[in-house]
Amino acid sequence: MAAGNWKMNGTSPALSEIDALFEHLSADGPEVLICPPATLLALMTERAAGSELKCGGQDCHVAASGAHTGDISANMLVDAGAEYVILGHSERRSDHAETDAMVRAKTETAWVAGLRSIVCVGETEAERDAANTLGIIGGQIAGSIPDGATGENLVVAYEPVWAIGTGRTPTLDQIGEVHDFIRARLEKRFGEGVGRSVRLLYGGSVKPDNASEIFSVSNVDGALVGGASLKAQDFSAIIAALR
Ligand code: PEP
């Protein structure tokens with residue numbers, strides 16, 4: 001799976017980027033998703049109609065509706081054509097003080113609305129330097145993922161905070177260590193079958209020139225891509241590396 005996170009980038013002219021992606025998509029190819037800003041979501045799903053491109057949101061409120069000025073609900077994302085929602089991205093955790101408990105509650109709300117959740121976890125550089133990476137990831141996995149996870153409703157993205165937007169990536173061994181750990185934790189909690197079926201994405205400075213080697217790591221089922229998803233040429237090269 002290749003999931004693009006456009007973050008707070010793009011106005012309507014940026015939608016033309018997705019046209020160049022369509023020829024790289026097929027029903028038997030890797031699943032491809034773009035999560036544009038909320039203002040572009042409905043326009044993107046209309047433009048992608050009839051193609052294999054899926055669209056998603058970048059966050060949703062924990063409540064189904066109500067007095068929450070400026071927020072967006074899971075049902076609104078569905079109404080705009082979303083199939084997925086990214087939850088607990090490190091930028092949400094830092095910019096909006098989102099806790100594991102909030103991410104867990106949002107994930108439950110998203111599931112009720114019929115969305116699949118991409119729950120993000122990842123350590124800071126200080127936490128890695130303190131040899132606490134697996135402790136942090138274990139806590140985030142336990143705290144951010146609700147009971148009832150399945151391979152259908154959950155995707156987990158491992159995104160080291162220090163690798164996001166920096167051009168730095170962990171070694172392949174470091175990626176493998178964390179992905180194996182997440183897989184083992186999911187199998188222990190949800191049973192082997194479910195734990196094995198949840199897709200695990202790596203995210204953090206994935207580019208056309210490092211995608212193939214990252215995809216060769218065990219328990220890496222794809223990527224969550226920020227900067228390189230904004231340009232169709234780069235994102236399609238990453239999609240091609242998944243084939
Ligand atoms: C992200 O923010 O999800 C991300 C992976 O960003 P980038 O690819 O730009 O590092």
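Residues are numbered from 1 along each chain as its sequence is written, and side-chain values use heavy atoms, with hydrogens and water left out. Because the model is predicted, local features need pLDDT of at least 70 and side-chain atom pairs count only at pLDDT 80 or more, whereas totals for chains, interfaces and linings use all residues.

The interior is considered first. A nonpolar core is defined as a set of buried Ala, Val, Leu, Ile, Met, Phe, Trp, Tyr and Cys residues joined through side-chain atoms within 4.5 Å. Buried denotes under 20% relative accessible area, exposed over 50%, and partly exposed the range in between (1.4 Å probe, protein chains only). The largest nonpolar core comprises 59 residues, of which Ile145, Val156, Ile182 and Leu186 touch the most other members. The most is given to this core by helix H7 (residues 172-190), with six residues; helices (H or I, at least four residues) and strands (E, at least two) are DSSP runs, numbered from the N terminus. Another core, of twelve residues, lies apart from it and has Leu33, Cys35, Ala157 and Leu201 among its members. In soluble globular proteins, nonpolar side chains tend to be buried together. With contact taken as heavy atoms within 4.5 Å, Leu186 touches Ile141, Ile145, Val156, Gly191, Gly195, Val198 and Leu200, residues up to four places away in sequence not being counted.

Two further residues of helix H7 were examined. Arg183 lies in helix H7 and is buried, because its relative accessible area is 6%. Its contacts, not counting residues up to four places away in sequence, are Gly195, Arg196, Val198, Leu200, Asn219 and Asp221. Polar contacts are pairs of N or O atoms within 3.5 Å; within protein, one must be able to donate a hydrogen and the other to accept it, and residues adjacent in sequence count only if both atoms are side-chain atoms. The side chains of Arg183 and Asp221 are joined by a polar contact of 2.9 Å, and a polar atom of the Arg183 side chain lies 3.4 Å from the backbone oxygen of Arg196. Asp180, also placed in helix H7, counts as partly exposed because its relative accessibility is 35%. Asp180 touches Ser218 and Asn219, again not counting residues up to four places away in sequence, and its side chain forms a polar contact of 2.8 Å with that of Asn219. Asp180 and Leu224 are 44 residues apart along the chain, and their C-alpha atoms are separated by 17 Å.

The ligand is surrounded by 14 residues, the closest being Lys7, His89, Glu159, Gly165 and Ser205; a residue is near a molecule or strand if one of its heavy atoms lies within 4 Å of it. An oxygen atom of the ligand is 2.7 Å from an N or O atom in the His89 side chain. The shell around the ligand consists of four nonpolar, eight polar and two charged residues. In this division, Ala, Val, Leu, Ile, Met, Phe, Trp, Tyr, Cys and Pro count as nonpolar, Asp, Glu, Lys and Arg as charged, and the others, Gly among them, as polar.

Glu123 is located in the loop between strand E5 (116-121) and helix H5 (125-129) and counts as buried because its relative accessibility is 0%. Its side chain makes a polar contact of 2.9 Å with the side chain of Tyr158. Beyond four places in sequence, Glu123 touches Arg128, Thr133, Ile136, Ile137, Tyr158, Glu159, Pro160, Val161 and Trp162.

Backbone geometry was also examined. Most residues other than glycine have a negative phi. Lys7, in the loop between strand E1 (2-5) and strand E2 (32-35), has a positive phi of about 55° although it is not a glycine. Ala97, likewise not a glycine, has a positive phi of about 50° and lies in the loop between helix H3 (90-95) and H4. Ala97 is exposed, with a relative accessible area of 56%.
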